[in-house]
Amino acid sequence: MKNIKFPWMRAQLISFIRGLSDFNYQKRNWQIYRPDQERYDELDYTIHFFYDDTSLAADPSSLIGDILCDDREVLEMRSIVSAIDLVFEKYGLELKDAEYLAKPEWIRVVEAASNALPIFEANGVGSFE
């Protein structure tokens with residue numbers, strides 16, 4: 001594994017991809033806020049990381065060496081983002097997590113993330129330079 005400039009962000013990215021790849025996790029953790037949960041999660045965290053906090057959605061190739069390892073990961077990110085964009089273009093940005101999960105197009109998001117996850121995990125988190 002080559003050095004990654006921001007391994008903690010890469011670890012976060014892999015965690016978000018893992019969440020997107022697991023529909024059962026999404027149903028358990030994104031649909032209803034439960035104050036008794038040790039750690040709270042929601043789709044919005046992933047979306048902000050991809051679209052607002054990083055350039056993963058707009059230009060993933062610019063992040064090779066920072067949080068992405070190679071062109072293969074860039075392709076996988078584009079696939080995930082494309083699937084999410086399809087849902088947002090059709091249904092807008094204001095639905096609740098449970099409503100997105102109920103849309104038939106959501107399965108494409110889960111499939112794209114499921115395909116990407118082993119590639120990201122195989123490349124590992126990286127190390128500090």
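Trainee: Which residues are buried in helix H3 (residues 43-53)?

Mentor: This is a predicted model, in which local features need pLDDT of at least 70 and side-chain atom pairs count only at pLDDT 80 or more, while totals for chains, interfaces and linings use all residues. Residues are numbered from 1 along each chain as its sequence is written, and side-chain values use heavy atoms, with hydrogens and water left out. Buried means under 20% relative accessible area, exposed over 50% and partly exposed in between, with a 1.4 Å probe and protein chains only; helices are DSSP runs of H or I with at least four residues, strands are runs of E with at least two, and both are numbered from the N terminus. The buried residues in H3 are Leu43, Thr46, Ile47, Phe49 and Phe50.

Trainee: Which exposed residues does the face of H3 turned away from its buried side carry?

Mentor: The buried side of H3 packs against helix H1 (7-21), H4, H5 and helix H6 (106-123). The face turned away from that side carries the exposed residues Asp52 and Asp53.

Trainee: Which residues touch the most other members of the largest nonpolar core?

Mentor: A nonpolar core is a set of buried Ala, Val, Leu, Ile, Met, Phe, Trp, Tyr and Cys residues joined through side-chain atoms within 4.5 Å. The largest one has 33 residues, and H1, H3, H4, H5 and H6 each supply at least two of its residues. The members that touch the most others are Ile17, Leu20, Phe50, Met77, Ile80 and Trp106.

Trainee: With which residues is Ile80 in contact, leaving aside its neighbours within four places in sequence?

Mentor: Contact means heavy atoms within 4.5 Å. With those neighbours left aside, the partners of Ile80 are Ile17, Leu20, Phe50, Ala112, Ala113 and Ala116.

Trainee: Is Ser21 buried or exposed?

Mentor: Ser21 has its place in helix H1, and a polar atom of its side chain lies 2.8 Å from the backbone oxygen of Arg18. Leaving aside neighbours within four places in sequence, Ser21 is in contact with Gln26, Val110, Ala113, Ser114 and Leu117. Its relative accessibility is 15%, so Ser21 counts as buried.

Trainee: What kind of aromatic pair do Phe6 and Trp8 form?

Mentor: The structure holds 6 aromatic pairs. Rings of Phe, Tyr and Trp (its six-membered ring) pair if their centres lie within 6.5 Å, and planes under 30 degrees apart count as stacked, over 60 as edge-to-face and the rest as tilted. For Phe6 and Trp8 the centres are 5.5 Å apart and the planes at 80°, so the pair is edge-to-face.

Trainee: How many residues apart are Phe88 and Tyr100, whose pair links distant parts of the chain?

Mentor: Phe88 and Tyr100 form an edge-to-face pair, with 5.4 Å centre to centre and 65° between the planes. Both Phe88 and Tyr100 are buried. Phe88 is in helix H4 (residues 71-91) and Tyr100 in helix H5 (residues 97-102), and the two are 12 residues apart.

Trainee: How many helices and strands does the protein have?

Mentor: From the N terminus on, the elements run α-α-α-α-α-α. The secondary structure therefore comes to 6 helices and 0 strands.

Definitions and conventions: Polar contact = N/O pair within 3.5 Å; in protein donor to acceptor, adjacent residues only side chain to side chain.
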